[in-house]
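Here are my notes on this one, as numbered points. Have the model open while you go through them.

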Amino acid sequence: MSLIEVKDLEVHYPIRSGFWNRVTDEVLAVDGISLDIEAGETYGLVGESGSGKSTTGKSIVGLEKPTKGQILYKGKDITKPRNRHELDYNQDVQMIFQDSLSSLNPRKRIEDIIAEPLRNFAHLSKDDEKLRVLQLLDIVGLDADALYKYPHQFSGGQRQRIGVARAVATNPKLIVADEPVSALDLSVQAQVLNFMKKIQRDFGVSYLFISHDLGVVRHMCDNIAIMHRGRIVEIGTRDDIYNHPMHIYTKRLLSAIPETSVEHREEAREHREAVEKEFQENQDRYYDKDGKVLPLIAVTDTHKVAMPQDEVDELQREDD
Amino acid sequence: MAQNDNLEKKSSISAEDLARLSKEAEEEATPSSRKIIWNEFKADKAAMTSVIIIVAFILFVVIASFFIPAHDYKEVNIMSYFNKPFTPDFWLGADSSGRSIAKLLIVGSRNSIGIAIGLTFISGAFGIAYGLISGYFGGITDMIMSRIYDFMIMLPQLMFIIVLVTIIQNYNAVTLTLILSLFQWMGTSRLIRSRSLAESRKDYVAASKTSGTGNFRIIFREIMPNISSLIIVEMTLSFAANLGVETGLSFLGFGLPNGTPSLGTLMANATDPTNITQYWWTWIFAAIEIIVLCLAVSYVGQALRRAADSSQRLGME
Ligand SMILES: Nc1ncnc2c1ncn2[C@@H]1O[C@H](COP(=O)(O)OP(=O)(O)O)[C@@H](O)[C@H]1O
Ligand SMILES: [Mg+2]
C-alpha cells in the first residue's frame with residue numbers, strides 16, 4: 001500500500017461578484033487528480049504558476065478543504081478533519097513553504113519556531129526540547145547561536161533550512177515541499193536541496209516536491225507528475241518524463257530548463273522557440289474544445305499521458 | 001546532568017555561551033518596535049512634550065484628588081458664590097454653589113480620564129478580539145459577525161445610551177463605562193478585522209496550523225503580536241476620542257449622575273448665557289484642558305502611527 005493515495009482530488013474556489021456578492025463562477029484550481037506517493041520516495045509535482053500545485057499540496061497537508069475526492073492515509077480519508085485529528089496526522093505529514101520569510105513568524109525566536117510542533121505533539125521536558133531543537137539546527141547545518149535569533153537576522157537559504165528543521169521536528173513520514181528553493185540563488189538552491197536529500201537518507205521521509213522548473217526536480221525525484229490547468233497532463237518515472245516525454249506541455253517545460261553552459265545557449269534558445277511554436281500550433285490536439293486537459297491514457301505500466309489514443313499510437317510507431 | 005552532557009556533545013557551545021547568547025538576544029529582542037518608537041519621539045518634539053504633559057497631568061490629577069475630601073466639592077458654600085479666580089483661596093474661582101473650580105477640575109479630570117481609560121480598555125479589548133476572530137476564521141463566521149457589526153453601526157447610539165442611562169436608576173462611573181463600551185468597539189473591530197484577514201493568509205499561520213497549534217492560540221499568540229503596533233496606535237487614538245464621549249454626554253446632562261464632577265459637567269456651566277460672559281472661569285479651564293489633552297493624545301497617536309508605518313518615519317535608526 002502506498003503511503004498516501006490521492007484519488008480524484010478536486011478543489012474549486014467560488015468567485016463572488018456583483019451587488020449581492022453571490023457565487024457567480026468557480027476557479028477549478030485542482031480538477032480531478034490522482035497520485036500515489038510511496039514511503040521513502042520523492043515525488044515531483046511540476047507545472048507553471050497557477051496550475052494548482054500549491055492547492056494540491058495544501059490539500060494533502062490538510063490546509064485546504066477539497067471539494068471532492070479522497071486522500072487516503074493509513075486507510076483513512078484525511079480530507080475529513082475528524083480523521084486528521086484521530087491520526088495526529090500533522091505529526092506525520094508536514095510542509096515546507098516557498099516564501100521562507102513569511103512562513104516564519106517574525107515575532108518569534110528560532111527556538112520557539114522549531115519547537116512549536118514538538119510542543120504540540122511530542123510533549124518533551126524543557127531540557128529535552130532544547131536538546132532536540134539544537135539537534136535539528138545541527139541537522140540543517142546551523143549553529144546553536146541561531147536559537148535565540150529572529151527570522152529577519154538570517155539569509156534566505158538559512159531561513160529555508162530553519163523551515164526544513166521545523167518540518168522534520170516530529171519525524172514525519174511525508175513532507176510537502178512547495179517550491180522550497182524557487183526563491184533562492186542557484187548556489188544556495190543546491191545547498192538546501194542537499195540538506196533535504198541528507199534528511200531523506202537519514203530519516204526515510206518521503207517528499208512531495210513541488211516546482212515550476214523541471215531542472216530542479218531532475219536530481220531529486222523518482223516519479224514525476226506534470227500538472228497543467230488543475231489536471232495531470234503526464235505522469236511517470238523520471239526516465240519516462242525526461243527521456244520519453246509525450247505531451248506537448250511536458251516538452252515545453254523541458255525546453256524551458258535554463259541552459260547553464262554558454263556554448264549551448266543559442267542552441268537552447270532556438271530549440272525553445274521551435275517547441276513554443278509547435279505548442280501554439282498543435283494545442284487544440286492536446287486539449288479539448290474548452291481548453292481542458294484530456295483524460296490520461298496508459299502508455300506503459302508507469303507512464304500515462306493526457307492525449308488522444310491515435311496520437312499516442314502514432315508517436316509510439318515513430319519511436320520503433 | 002546527563003541532559004547537559006548530551007547537550008555539550010551535540011553542539012560545540014557551552015552553557016555559559018548559551019546564557020550569553022540569550023542575554024544578547026534579549027537586548028536585541030523587539031529590536032524594532034521599542035527602539036523605533038523611542039527614535040520617533042526623539043525626532044518629534046511635539047509628541048515628546050505631549051507624552052510628558054499627559055503622564056504628568058494624569059499623575060497629578062490622580063494623586064491630588066486623594067487629598068480633596070468629598071464634601072469640598074459636594075457641599076454648597078454660599079459665602080464664596082462665584083468667587084473670582086486668581087485669589088488666594090480660590091485659584092481658579094468658584095461656581096454658583098461656591099465650590100472651588102480648581103478642586104472640581106482635579107476630581108472631574110480624574111473621573112473623566114478614568115472613564116476614558118476604562119472605556120478604551122474594555123471596548124478596545126472587545127473590538128480587538130472581535131476583529132481578530134472575524135478576520136481569522138473568515139467564511140460563515142466572518143459573515144455572521146459582520147452582520148452583527150452592521151447592525152450595531154446602524155443603531156442610533158446616542159439615543160440608546162440616553163435611554164439606557166435613564167432606565168438604569170443607580171448607575172455610577174463603572175456602569176456608565178460599561179454602557180458606553182457597548183457602543184464603542186465597532187471602529188476598532190473593523191480596523192483589526194482587515195489586518196487579521198491579511199495576516200491570516202500568511203504562511204506562518206499555515207505553518208502553525210500544520211504544527212498542530214489550536215485556532216485561538218494562533219489568533220492571540222501568533223497573529224496578535226504581529227499587529228501590536230497597529231493595536232497601540234488604535235488604542236491611543238481611540239483614547240482621545242473616548243475623552244470626548246463621556247464629556248459630551250455629561251455636557252448634555254446624561255453622563256455621570258449629579259454631584260459627580262467631570263469635565264463635562266464643568267463644561268455644562270457654559271450652557272448658561274451669563275456664565276459664558278460674566279462667570280467665564282466656571283467653564284473655560286475645563287474647555288482648555290479638554291483641548292490640550294485631546295491635542296496631546298493625538299500628537300502621540302500620530303507619532304506612534306508613523307513609528308508603525310515605516311514609510312512615514314521621521315526618526316532615524
Ligand atoms: N484561496 C483562493 N481563492 C481563489 N482562488 C484561488 C485560491 N488559491 C488559489 N486560487 C487559484 O487557483 C489556481 C491555482 O493556484 P495554485 O494552487 O496556487 O497554483 P500554483 O501553486 O501551481 O502556482 C490559481 O488560478 C489561483 O488563482
Ligand atoms: Mg504555488
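1. T49(B) first: with a relative accessibility of 43%, T49(B) comes out as partly exposed. On the scale used here, buried is under 20% relative accessible area, exposed is over 50%, and partly exposed is in between (1.4 Å probe, protein chains only). T49(B) sits in helix α4 of chain B; helices are DSSP runs (H or I, at least four residues), numbered from the N terminus. From its C-alpha atom to that of R195(B), 146 residues apart along the chain, the separation is 31 Å.

2. Some housekeeping: this is a predicted model, in which local features need pLDDT of at least 70 and side-chain atom pairs count only at pLDDT 80 or more, while totals for chains, interfaces and linings use all residues. Residues are numbered from 1 along each chain as its sequence is written, chains are lettered from A and ligands numbered from 1 in the order written, and side-chain values use heavy atoms, leaving out hydrogens and water.

3. Helix α4 of chain B spans residues 45-66 and includes F66(B), which is exposed at 69% relative accessible area. F66(B) belongs to a nonpolar surface patch of about 650 Å², together with V55(B), L59(B), V62(B), I63(B) and F67(B). For such a patch, residues need over 30% relative accessible area and no salt bridge, and nonpolar side chains (Val, Leu, Ile, Met, Phe, Trp, Tyr) are joined within 5 Å. A salt bridge here is a side-chain nitrogen of Lys or Arg within 4 Å of a carboxyl oxygen of Asp or Glu. The areas are Shrake-Rupley values with a 1.4 Å probe.

4. Chain A splits into domain 1 (4-243) and domain 2 (244-320), with bounds from an automatic or database assignment. Their C-alpha centres are 28 Å apart.

5. Which residues touch the most other members of the largest nonpolar core? They are M196(A), F209(A), L214(A), I224(A) and I226(A), in a core of 62 residues. A core means buried Ala, Val, Leu, Ile, Met, Phe, Trp, Tyr and Cys residues joined through side-chain atoms within 4.5 Å. Apart from it lies another core of 33 residues, including I227(B) and V245(B).

6. Last, N83(A): this residue of helix α2 (residues 81-87) in chain A is buried, at 12% relative accessible area. Leaving aside residues up to four places away in sequence, N83(A) touches K76(A), D77(A) and I78(A).

Notes. Patch = residues over 30% accessible without salt bridge, like charges linked within 9 Å, V, L, I, M, F, W, Y side chains within 5 Å. Helix = DSSP H or I, 4+ residues; strand = E, 2+ residues; numbered from the N terminus. Contact = heavy atoms within 4.5 Å.
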